[in-house]
Amino acid sequence: MKITEIHTKCKKQIISGISSEYDFIFFMFRTPVTYRNSGEKIHFTSNSAGVFSRGNIPDFLPEKKHSLIFDYVGFQTSSIDKQYMLSMNIPLNTLVPVYDDSVIKNTINSMRNQFSYSGIYRNEFMELSVKILLVSLCEIVVRESQPDILHYDRLKTLRREIIENPTKPWNIKDICYQLNISRTYFHRLYKQAFGVTCMHDVIEKRLQYACELLKNTDLSISEIAEKCGYETDSYFMRQFRQFRNCTPSEYRKKSRY
């Protein structure tokens with residue numbers, strides 16, 4: 001593997017239309033990022049990484065109009081290198097969340113420091129470093145596909161309770177206390193296990209119940225809000241519009257045509 005370019009802590013409003021001599025680019029995003037994959041808009045929070053092949057680098061956009069902050073390593077490969085990547089099942093042209101980014105960041109920083117060094121083992125160092133990045137990425141993917149069984153079973157039980165009782169006053173602090181884990185760790189595990197946040201599940205199930213009541217009963221909006229676990233009508237209507245793109249009254253009218 002021949003390293004052609006390394007940059008750390010780059011800051012841009014958008015990464016668009018990259019055309020280079022690299023065969024592949026390894027990206028490590030330090031800030032939230034959005035891009036399109038097969039037409040679908042994908043969002044990632046801080047710390048995500050991925051390997052993109054030439055001709056398959058999408059437009060990367062920041063969240064909320066902030067700048068992107070990222071590292072990247074451009075490299076060329078031989079036929080042997082490509083066989084190695086194929087044998088490792090390196091995930092290509094997609095990002096994955098990196099919950100512990102210390103290995104990747106430290107490796108890229110070391111590569112940056114050694115990039116201009118002309119020692120006799122420079123090429124070996126750089127090639128091994130790229131392999132560390134690739135192996136780290138594979139390890140993340142494998143770890144995500146095999147969730148912690150102990151926590152996964154407890155999270156499945158929790159999610160089933162949310163689905164069955166969405167109107168219960170769910171509180172993240174209380175949930176974390178019962179599970180004896182921190183809020184940060186809980187959010188990470190829940191998103192890793194189910195692809196959405198815990199509160200997204202709560203909101204979605206409450207609104208599904210609200211839709212049933214709007215279609216099948218004559219209860220007022222206030223009564224439905226209360227039955228669905230909302231403390232105020234305004235909060236219920238705000239979330240309903242946000243997730244259903246219409247007001248509860250508009251939904252009721254459309255559903256009865």
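**A buried charge and its surroundings**

Tutor: Let us begin with D81, which is buried yet has no salt bridge; the nearest side chain of opposite charge, K131, is 5.6 Å away. This is a predicted model, in which local features need pLDDT of at least 70 and side-chain atom pairs count only at pLDDT 80 or more, while totals for chains, interfaces and linings use all residues. Residues are numbered from 1 along each chain as its sequence is written, and side-chain values use heavy atoms, with hydrogens and water left out.

Student: How are the words "buried" and "salt bridge" to be understood?

Tutor: Buried means under 20% relative accessible area, exposed over 50%, and partly exposed in between, with a 1.4 Å probe and protein chains only. A salt bridge is a side-chain nitrogen of Lys or Arg within 4 Å of a carboxyl oxygen of Asp or Glu. As to charge, Lys and Arg count as positive and Asp and Glu as negative, whereas His and the chain ends are not counted.

Student: Where is D81 found, and which backbone nitrogen does its side chain reach?

Tutor: D81 is found in helix α1, residues 79-87. Helices (H or I, at least four residues) and strands (E, at least two) are DSSP runs, numbered from the N terminus. The side chain of D81 reaches the backbone nitrogen of M1 at 3.0 Å. Such a polar contact is a pair of N or O atoms within 3.5 Å; within protein, one must be able to donate a hydrogen and the other to accept it, and residues adjacent in sequence count only if both atoms are side-chain atoms.

Student: With which residues is D81 in contact, leaving aside its neighbours within four places in sequence?

Tutor: They are M1, Q76 and E127, where contact means heavy atoms within 4.5 Å.

Student: How many salt bridges does the structure hold?

Tutor: There are four salt bridges. In one of them, R54 pairs with D23, the closest N and O atoms being 3.4 Å apart. R54 lies in the loop between β5 and β6 (61-62) and D23 in the loop between β1 (2-12) and β2, so the pair ties together parts that are 31 residues apart in sequence. R54 is partly exposed at 46% relative accessible area, whereas D23 is buried at 16%.

Student: How are aromatic rings compared, and how many pairs are counted?

Tutor: Rings of Phe, Tyr and Trp (its six-membered ring) pair if their centres lie within 6.5 Å; planes under 30 degrees apart count as stacked, over 60 as edge-to-face and the rest as tilted. The count comes to 19 aromatic pairs. Among them, F27 and F52 are edge-to-face, 6.0 Å centre to centre with 70° between the planes. F27 lies in strand β2 (residues 24-29) and F52 in strand β5 (residues 48-53), so the pair ties together parts that are 25 residues apart in sequence. Both F27 and F52 are buried. Ring pairs also link F27 and F52 into a cluster with F29, Y35, F44, F60, F70 and Y72.

Student: How many disulfides does a search of the whole structure find?

Tutor: The search finds zero disulfides, a disulfide being a pair of cysteine sulfur atoms within 2.5 Å. For C211, the nearest cysteine sulfur, that of C246, is 7.6 Å away. C211 is buried at 6% relative accessibility.

Student: Which backbone angles deserve attention?

Tutor: Most residues other than glycine have a negative phi. K9, although not a glycine, has a positive phi of about 55°. K9 is found in strand β1 and is exposed, at 58% relative accessible area. N245 is likewise not a glycine and has a positive phi of about 60°. N245 is found in the loop between α9 and α10 (248-255) and counts as exposed at 66%.
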